[in-house]
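Visitor: Please take me through one part of this model in detail, namely a helix, its helical partner and the sheet beside it.

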Amino acid sequence: MDSQRGDAALCAEIVSINGSLPTGMSRILILGGTTEARELAARLATRADLEVIVSLAGRTKSPAPQPAPVRSGGFGGAVGLGEYLDKERIDALVDATHPYANIISANAAAAAHQAGVPLIALRRPAWRAVAGDRWIEAIDVADAVRRLGEPPRRVFVTLGRTELIPLTTAPQHFYLIRSVDRVEPPLPLPRASYFTDRGPFSTADDRALMCAHDIDTMIAKNSGGAATYSKIAAARALGIEVIMLRRPTPPDVLAVETADEVIAWLGHALASVKARGTARGV
């Protein structure tokens, strides 16, 4: 469990799902875009006592289907999100965004405080290096590119399409770029190959991909989770060096690692909202 979870007793107590929430509809806003957010929304969307809204940043052109109504696009920073929470009478906020969506997470913390709305973060654990891994940590993409060095290398890049500009400072390398959306326009690089795909991936397929392109280095984020771990396992098996982007420091809010813990917390949080007389419909 994350050290920043706050009251350990609150998170450790797993209450029964049935009957754990107050009577009447409560509105839950999930800041999503991750597998964990989608799975949590699917579990909550079937509840007769909850109205679930999933918010997507809108950066992905073709996001995965969601099991609940979706709000797409930004809020206008922390102030805008706080106003939305108040106007829409949101009873609880769940930050289930990507571990590298640090601006959104910071805005969520500030907005929840501003609006007086209970907040919990669902954070997937980071991957940890094991025997055979060859990891080099970088603070950002520009630092990762510097760590490639001067001699030409063949690099598998698994970053978002909006994060690729620093690659242009080192055009001597070959880049194999995998992204969810097309990189348009292509980067001004003499040796780059692009393709779009969405996880989960298999280790066998990622290993075959790296072999087919003679990859000797990979640039990746420490995203955690199972959906894209295949590239880490494939790199380990092939002895490929991984330049791993360091995770940003998350805001100091209550944080858990599983949907079960979020659901347990909701039981307490919504009961507290009801006791204060601020639950929707009261």
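Guide: Axes here are lines fitted to C-alpha atoms, for helices over the stretch in contact, with angles running from 0 to 180 degrees between N-to-C directions, while helices (H or I, at least four residues) and strands (E, at least two) are DSSP runs numbered from the N terminus. The model is predicted, so that local features need pLDDT of at least 70 and side-chain atom pairs count only at pLDDT 80 or more, whereas totals for chains, interfaces and linings use all residues. Residues are numbered from 1 along each chain as its sequence is written, and side-chain values use heavy atoms, with hydrogens and water left out.

Helix H2 (residues 35-45) and helix H8 (residues 259-275) have axes that come within 10 Å and cross at roughly 45°. From H2, the residues Leu40, Arg43 and Leu44 make the contact (heavy atoms within 4.5 Å), and H8 supplies Ala259, Asp260, Val262, Ile263 and Leu266.

Strand E5 (residues 119-122) is joined to E12 by 2 bridges, the two running parallel, and Leu122 stands opposite Val256 in E12.

How values were computed
Pairing = 2+ DSSP bridges.
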